[in-house]
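Visitor: Hey, I've got a structure open and I'm a bit lost. Can you walk me through it?
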Amino acid sequence: MTDKEKIISLLNELATPEEMGSFFVKNATSDFLLIRPSGNPIDAAGFEKMMTSGDVIQDKTEITKIHRFEFLSANIVMCIFTLGSKFSYKGKPNDDLPTVTSIFKKVDNIWKIHWMQRSTGDSDLSLWD
């Protein structure tokens, strides 16, 4: 697999409801942060705890579209994508289409996610054309 294929494979694993909770613990750098739509950061262990607490029930998740994929260096990639996500939070249904900015780092020849920031609401996919 090429480096790009490896990273896209990681994104597809992230977008699996059964894997999402533990994804970052297994596939992130030790200093990984996810910036939530509230603007507040959460680390990999905190995200796993949030996803397994029972408050979040993930129904469907998919990478809807990759908008940008750029090697910033041989060991750093920026990827911006839209993530279709149907879930309930504390019983309230959500059907989101956020835009996500992510940075991947190659650590000991293994691609790891280093940074992620998730937007709020529904992205207008036509604005990316």
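Visitor: So, how many bridges join strand S6 to S7?
Guide: There are 8 bridges between strand S6 (residues 99-107) and S7, and the two run antiparallel. Strands here are DSSP runs of E with at least two residues, helices are runs of H or I with at least four residues, and both are numbered from the N terminus. Two strands pair if DSSP finds at least two bridges between them. Before we go on: this is a predicted model, where local features need pLDDT of at least 70, side-chain atom pairs count only at pLDDT 80 or more, and totals for chains, interfaces and linings use all residues. Residues are numbered from 1 along each chain as its sequence is written, and side-chain values use heavy atoms, with hydrogens and water left out.
Visitor: In which sense do S1 and S7 pair?
Guide: Parallel, over 4 bridges. Ile35 has Gln117 in S7 as its bridge partner.
Visitor: Switching to helices. Which residues are buried in H3?
Guide: In H3 (residues 44-52), Ala44, Phe47 and Met51 are buried. Buried means under 20% relative accessible area, exposed means over 50%, and partly exposed is in between (1.4 Å probe, protein chains only).
Visitor: Why do they line one face of the helix?
Guide: Seen down the axis of H3, the buried residues fall within an arc of 60°, so they line one face. That arc is taken from the directions from the helix axis to the C-beta atoms.
Visitor: And what comes after H3?
Guide: Gly54 follows, with a positive phi near 100°. Ser53 is in the loop between H3 and S3.
Visitor: Is Ser53 buried or partly exposed?
Guide: Ser53 is partly exposed, at 45% relative accessible area.
Visitor: New topic: which residues are closest to the centre of the largest pocket?
Guide: Phe47, Met50, Met51, Phe87 and Arg118, out of 24 lining residues. A pocket is an open set of points on a 1 Å grid over the protein atoms alone, where a 1.4 Å probe fits, with protein on both sides within 12 Å along at least five of seven lines; lining residues have an atom within 4 Å of a point.
Visitor: Which strand gives the most to that lining?
Guide: S4, with 4 residues.
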